[in-house]
Amino acid sequence: MAEPLLHIKDGYFFQVPKSLWHHHWTKLSEVPEYVRAEHPEIVNVHQFNDAMAGKVLIPQFFGTPRTLYQPGSGLCVSKFMVIELFVAVVLVFVFTRLASRARNGDRPRGTIWNLLEAFLVYLRDEVARPSIGEHDADRFVPLLWTLFFFILGCNLMGLVPWAGSPTGSASVTLALAVVTLATGVLMGVYKLGPIGWLTHFVPHMEMPWPILIIIWPLIFVLEILGTLIRHAVLGVRLLANMVAGHLVLLGILGLIAAGAAASSFQWGTVTVIAIIGSVLLSCLELFVAFLQAYVFVFLSALFIGASIHKH
């Protein structure tokens with residue numbers, strides 16, 4: 001049985017049905033060391049072939065994992081890294097073609113082109129410009145477009161059999177939040193200057209200076225902490241939403257295994273209900289994939305706008 005949480009758990013292999021992939025190791029020395037570390041109880045090469053059936057190992061050219069799930073030395077290429085690279089390549093291919101057509105002045109033709117253009121225009125006119133301002137928004141629009149479609153692609157990969165959702169990993173979602181934070185800090189310093197950016201956190205207050213020298217540092221520290229916490233929550237919120245959907249789906253499918261001990265009628269009834277529930281939840285997950293990408297980009301635009309403008 002495949003590991004049920006592989007869609008939101010990173011590792012150094014892809015899980016496919018056992019009938020589709022077999023290893024043909026003939027000697028124990030041919031089994032990678034990190035695979036042997038994952039199964040220390042196995043001492044026979046044939047048992048390794050059986051245990052690893054359906055697990056497509058990712059070639060490791062620049063590093064050596066410690067186990068099937070833990071990094072070791074060097075640059076270890078994981079499943080989520082491969083999926084992220086795949087999403088990035090698809091985005092470059094699609095939007096390079098779209099940009100080429102738009103540069104030539106062609107009108108949008110076809111469902112896909114019109115759909116993509118509708119997304120792009122909506123994010124620019126309804127998210128970036130109201131949140132950042134008409135004057136500054138356009139310079140951030142490419143970043144927001146990239147974040148939206150990259151997150152959307154990673155979310156949708158979680159619905160693809162045998163793949164996985166990189167946004168189910170904290171390292172991915174927090175890295176995306178750091179991109180938003182770094183953009184806001186760097187562009188805020190660039191626009192307001194280092195002193196102006198630091199002082200913009202505290203609004204102007206009309207009060208006697210003995211009180212001001214006590215209140216001002218407190219507000220400054222609270223605002224800095226608030227900024228860091230907001231960006232951390234930005235990453236955690238995306239992570240929690242993607243993980244929660246997969247856990248609920250796992251719980252529904254687990255009813256099938258749990259009902260196996262009951263009578264055939266009861267097990268059949270539970271199975272039908274679980275399958276229908278899984279299909280409906282998968283449809284909801286499709287909506288959630290779009291919604292969470294939108295919410296992340298919307299909040300990123302708000303945070304960037306707040307960072308480059310004085311209160």
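The legends below describe close-up views of a predicted model. Local features are given where pLDDT is at least 70, side-chain atom pairs count only at pLDDT 80 or more, and totals for chains, interfaces and linings use all residues. Residues are numbered from 1 along each chain as its sequence is written, and side-chain values use heavy atoms, with hydrogens and water left out.

**View 1. The largest nonpolar core has 45 residues.** A nonpolar core is a set of buried Ala, Val, Leu, Ile, Met, Phe, Trp, Tyr and Cys residues joined through side-chain atoms within 4.5 Å, where buried means under 20% relative accessible area, exposed over 50%, and partly exposed in between (1.4 Å probe, protein chains only). Ile83, Ile132, Phe148, Phe149, Leu176, Phe296 and Val297 touch the most other members. Two or more residues each come from H3, H4, H5 (141-157), H6 (170-192), H8 (209-258) and H9 (264-308), and helix H5 gives the largest share, ten residues. Helices here are DSSP runs (H or I, at least four residues), numbered from the N terminus.

**View 2. Lys79 lies in helix H3.** Lys79 counts as buried because its relative accessibility is 2%. Between Lys79 and Leu239 there are 160 residues in sequence and 17 Å in space, taken from C-alpha to C-alpha.

**View 3. Arg107 sits in the loop between helix H3 (79-103) and helix H4 (111-132).** Arg107 counts as exposed because its relative accessibility is 63%.

**View 4. Leu228 is part of helix H8.** With a relative accessibility of 45%, Leu228 counts as partly exposed.
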